[in-house]
Amino acid sequence: DPEFQDTMYVFYIAENQPARTKVGLVMAMDRDQDERLTYSIVTSNSFFDIESDTGEVVSKKRLDREERELHTFSVSATDSGNPPRITSTQVKVFILDVNDNAPRFDRNAYTAYISENMPKGTLVAQVSAEDRDKGENQTISYYFAGGDQHNFAIHPRSGQITTTEVLDHERKSNYLFRVKATDGGTPSKESQVNVEVIVEDK
């Protein structure tokens, strides 16, 4: 019988690569020297193909890690004997993350209310965003991105917005500024959102 060199093959491919990208090579040997081996995927799938004469596994289309991170399938090698002998092995393909998603805030805009004359450091609002990527590509930092932010501070990790001054309704009753969420990818991706703070009269 043909014998694969490995009982299982594990390959890695970055997401978003074009179709027909090489994923890896499976190889079988046959003790009958003159036998030619033919490789095939046991249960055909819409993600991968195999070159029947070389055992090279290739992608059929662009792969998206956020849709599916691991693909498992079986590959067979058949010799040219009569009757033909066949053996199979398992292939695992892990899809590696590329920073292809920007952070998304959980709201389209934020409105917060605070009573006037509250001490500095009072929590006003907390913004929150999520990123569908993985690892550093998923790590989010928050920053101000313009507007009336001068009386406020934002925590870069938690997204908590606090006052840096005592706010006075009579002096200014409404603040509007933008916050951006930036991921840790290279290059990074970002999203922005409006935050309105209304100072209530005491």
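**View 1. Bridge partners Ile 50 and Val 57 in the predicted model.** Ile 50 has Val 57 of E7 as its bridge partner, in a model that is predicted. E6 and E7 run antiparallel and are joined by 3 bridges.

**View 2. The open sheet E3-E7-E6.** The sheet is open and consists of 3 strands in the order E3-E7-E6, with antiparallel pairing. Strand E3 (22-25) and strand E6 (48-50) are the edge strands, each of which pairs on one side only. On average, neighbouring strands of this sheet are turned by 25° against each other, direction ignored. Strands of a sheet pair through backbone hydrogen bonds.

View 3. Ser 59 lies in strand E7, which spans residues 56-59. Ser 59 counts as buried because its relative accessible area is 1%, under the 20% limit. Its side chain reaches the backbone oxygen of Pro 18 at 3.4 Å. Apart from neighbours within four places in sequence, the residues in contact with Ser 59 are Ile 13, Pro 18, Ala 19, Arg 20, Thr 21, Val 23, Phe 47 and Phe 48.

**View 4. Glu 69 in the loop between E7 and E8.** Glu 69 is placed in the loop between E7 and strand E8 (70-78). With a relative accessible area of 31%, Glu 69 is partly exposed, because this value falls between 20% and 50%. The side chains of Glu 69 and Lys 134 are joined by a polar contact of 2.4 Å. When neighbours within four places in sequence are left aside, Glu 69 is in contact with Val 93, Phe 94, Ile 95 and Lys 134.

Key:
Residues are numbered from 1 along each chain as its sequence is written. This is a predicted model: local features need pLDDT of at least 70, side-chain atom pairs count only at pLDDT 80 or more; totals for chains, interfaces and linings use all residues. Side-chain values use heavy atoms; hydrogens and water are left out. Helices (H or I, at least four residues) and strands (E, at least two) are DSSP runs, numbered from the N terminus. Buried means under 20% relative accessible area, exposed over 50%, partly exposed in between (1.4 Å probe, protein chains only). A polar contact is a pair of N or O atoms within 3.5 Å; within protein, one must be able to donate a hydrogen and the other to accept it, and residues adjacent in sequence count only if both atoms are side-chain atoms. Contact means heavy atoms within 4.5 Å. Two strands pair if DSSP finds at least two bridges between them. Axes are lines fitted to C-alpha atoms, for helices over the stretch in contact, and angles run from 0 to 180 degrees between N-to-C directions.
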